[in-house]
Amino acid sequence: MLFIGGVLRPLGVGLLLLGLLAPISGMGFRRGRLTKGFLGEPSKIPTLQRSLHSEDLWFEQRLDHFKSSDKRTWQQRYFVNADFYRNDSSAPVFLMIGGEGEASAKWMREGAWVHYAEHFGALCLQLEHRFYGKSHPTADLSTENLHYLSSEQALEDLASFVTAMKVKFNLGDGQKWIAFGGSYPGSLAAWAREKYPELIYGSISSSGPLLAEVDFKEYFEVVKASLAAYKPECVDAVTRSFAQVEILLKHMIGQRSLDEKFKTCTPIKDSIENDLDMANFFENLAGNFAGVVQYNKDNSPHATITIDDICDVMLNTTAGPPVTRLGLVNDMLLKESNTTCLDYKYDKMVADMKNVSWDSETAKGMRQWTYQTCHEFGFYQTSDNPADTFGDRFGVDFFIRQCMDVFSKNMNAKFLKLVVSATNDNYGALKPKTTNVLYVHGSIDPWHALGLVKSTNAALPTIYIEGTAHCANMYEPVKTDPPQLVAARNKILKFLAKLLDGYTSALI
């Protein structure tokens with residue numbers, strides 16, 4: 001079958017179907033998220049399939065699913081791939097859930113799920129998340145308009161979309177819908193099955209955080225453990241480098257030295273008394289390691305620098321003392337993000353984040369995702385122990401202050417505690433009441449600390465992949481994939497076969 005002009009068409013006989021954006025305020029990685037979103041594109045190595053076109057399609061969606069008197073609607077983007085669709089009463093439908101960044105049409109041709117679709121003869125759909133990419137429910141991103149941005153509204157979007165697509169494609173009640181998602185959409189995939197079991201038959205939840213937490217201090221604990229898994233001495237070197245930064249900050253000459261080593265956009269001497277600027281400075285430096293660890297060796301465009309690379313720099317004593325090596329790591333990340341200097345000014349960051357235009361840099365997802373963290377999840381990756389590797393400069397108060405400065409003074413610590421608790425009560429946190437959901441995580445990925453990685457309940461199956469990072473199982477398979485990743489994909493295939501009844505052969 002071919003999908004042409006929004007309509008399924010039969011294939012003719014013999015027809016064969018075959019970087020980071022400029023970062024905000026000099027930061028390519030923030031709140032555990034790269035500027036282009038968590039998942040990015042499906043492969044760093046383009047395949048022949050990528051050249052095939054997937055057109056933008058549009059679905060009329062309600063603005064507010066929870067207020068029946070509000071009749072306003074908007075156009076939500078989606079994609080379709082019917083290349084492998086068997087178009088019979090038992091063929092499944094695979095739904096890729098969009099998340100906190102622009103949905104990529106490349107996922108309609110690449111990624112592990114496409115191989116699963118070929119195996120099972122599935123119709124593939126991808127729905128972009130409201131307020132991200134080209135799916136603009138409102139005229140701008142004002143805080144008032146962001147009231148309509150929530151995981152609950154997104155789940156209702158999915159339910160409405162599934163219901164409408166069943167009619168559009170004349171899909172039978174016996175055709176099972178399987179949801180796929182990675183990172184935040186991994187959470188949505190699980191929650192969609194939990195909330196709408198009559199619509200979503202099963203889900204593959206990859207790297208999805210289920211536990212909302214204001215102070216996500218475990219994040220950097222996993223970062224350290226992942227660095228140590230390569231070489232324990234690497235963590236020691238990073239710890240010494242941050243301690244040396246603190247020492248150099250105490251003197252004017254040291255401050256000038258840090259300006260040179262870290263290519264700061266503005267002199268540190270002008271910010272030395274500004275705790276918010278200095279918190280931002282240290283979070284930038286820690287974020288260099290977090291971003292590399294989170295996507296370490298994924299077959300993703302995100303993963304151009306590895307733990308091996310940065311640890312080898314940090315352990316290269318011929319390059320100078322640890323603080324100098326820390327500067328070299330910063331150089332690597334600045335170059336990767338096409339940035340000339342390290343901008344750590346808090347007020348500038350807040351001003352950028354307060355821009356409500358869809359044409360702004362922050363509209364590529366950072367303003368929206370920050371709102372969701374302030375209004376539902378927390379997820380603040382903190383470091384507040386002076387004796388710890390990354391120091392004590394960016395504790396939870398630093399992030400709550402951003403919520404208050406960017407969105408509303410009412411988004412204080414008490415507010416965050418209430419909304420995060422409500423999120424956990426709503427979805428069940430690490431005790432979900434789901435069936436037919438497979439939870440997949442990688443040991444290197446810091447987000448696994450908030451996910452379901454082990455279960456004694458047969459109704460809550462898990463796969464924990466040693467040595468892999470964020471959403472590793474979702475990317476396009478390559479020959480260099482480690483055996484445990486190959487094995488995990490085979491387990492996912494078998495799980496799908498069990499859900500879809502009768503398919504047992506291996507895919508990879």
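**Disulfides, salt bridges and ring contacts in a predicted model**

The link of cysteine 234 and cysteine 311 is left-handed, with -85° about the S-S bond. Cysteine 234 belongs to helix H5 (residues 232-249) and cysteine 311 to helix H8 (residues 307-314), so this pair ties together parts that are 77 residues apart in sequence. The sulfur atoms of cysteine 234 and cysteine 311 lie 2.1 Å apart, and both residues are buried. These values, like the others below, come from a predicted model.

The chain has 508 residues, of which 59% count as buried. Its secondary structure comprises 14 helices and 14 strands. The accessible surface comes to about 20,000 Å², and carbon and sulfur atoms account for 54% of that area.

The disulfide described above is part of a total of three. Another joins cysteine 265 and cysteine 341, with sulfur atoms 2.0 Å apart. The torsion about the S-S bond of cysteine 265 and cysteine 341 is about 95°, so this disulfide is right-handed. Cysteine 265 sits in the loop between helix H6 (252-262) and helix H7 (275-294), and cysteine 341 in the loop between helix H9 (322-336) and helix H10 (346-353), so the pair ties together parts that are 76 residues apart in sequence. Cysteine 265 is partly exposed, at 32% relative accessible area, and cysteine 341 is likewise partly exposed, at 22%.

A further disulfide joins cysteine 374 to cysteine 403, with an S to S distance of 2.0 Å. The link of cysteine 374 and cysteine 403 is left-handed, with -85° about the S-S bond. This pair links distant parts of the chain, namely helix H11 (residues 366-377), which holds cysteine 374, and helix H12 (residues 396-406), which holds cysteine 403, 29 residues apart. Cysteine 374 and cysteine 403 are both buried. When the bonded cysteines are numbered in sequence order, the pairing reads 1-3, 2-4, 5-6. Elsewhere in the chain, cysteine 124 is buried at 1% relative accessible area, and cysteine 471 is buried at 0%.

Charged side chains provide another set of contacts. Side chains of opposite charge can pair when their charged atoms come close. The structure holds 23 salt bridges. In one of them, arginine 72 meets aspartate 70, with the closest N and O atoms 2.7 Å apart; arginine 72 is partly exposed at 44% relative accessibility, while aspartate 70 is buried at 9%. Lysine 348 forms a salt bridge with aspartate 343, at 3.5 Å between the closest N and O atoms. Here lysine 348 is partly exposed, at 39%, and aspartate 343 is buried, at 9%. Aspartate 405 and lysine 409 meet in a salt bridge of 2.9 Å, N to O. Aspartate 405 is buried at 14%, whereas lysine 409 is exposed at 56%. Salt bridges also link Asp56, Arg77, Glu102, Glu128 and Lys134 in a network.

Aromatic side chains form 32 pairs in the whole structure. One of them is the edge-to-face pair of tyrosine 78 and phenylalanine 161, 5.1 Å centre to centre with 65° between the planes. Tyrosine 78 lies in strand E6 (residues 73-81) and phenylalanine 161 in helix H2 (residues 151-168), so the pair ties together parts that are 83 residues apart in sequence. Both tyrosine 78 and phenylalanine 161 are buried. A ring also meets a charge where arginine 193 lies over the face of tyrosine 201, at 5.9 Å from the ring centre.

Note on methods
Residues are numbered from 1 along each chain as its sequence is written. This is a predicted model: local features need pLDDT of at least 70, side-chain atom pairs count only at pLDDT 80 or more; totals for chains, interfaces and linings use all residues. Side-chain values use heavy atoms; hydrogens and water are left out. Helices (H or I, at least four residues) and strands (E, at least two) are DSSP runs, numbered from the N terminus. Buried means under 20% relative accessible area, exposed over 50%, partly exposed in between (1.4 Å probe, protein chains only). Accessible areas come from the Shrake-Rupley method with a 1.4 Å probe; for residues, only the protein chains shown count as cover. A salt bridge is a side-chain nitrogen of Lys or Arg within 4 Å of a carboxyl oxygen of Asp or Glu. Rings of Phe, Tyr and Trp (its six-membered ring) pair if their centres lie within 6.5 Å; planes under 30 degrees apart count as stacked, over 60 as edge-to-face and the rest as tilted. A charge sits over a ring if NZ of Lys or CZ of Arg is within 6 Å of the ring centre and within 35 degrees of the ring normal. A disulfide is a pair of cysteine sulfur atoms within 2.5 Å.
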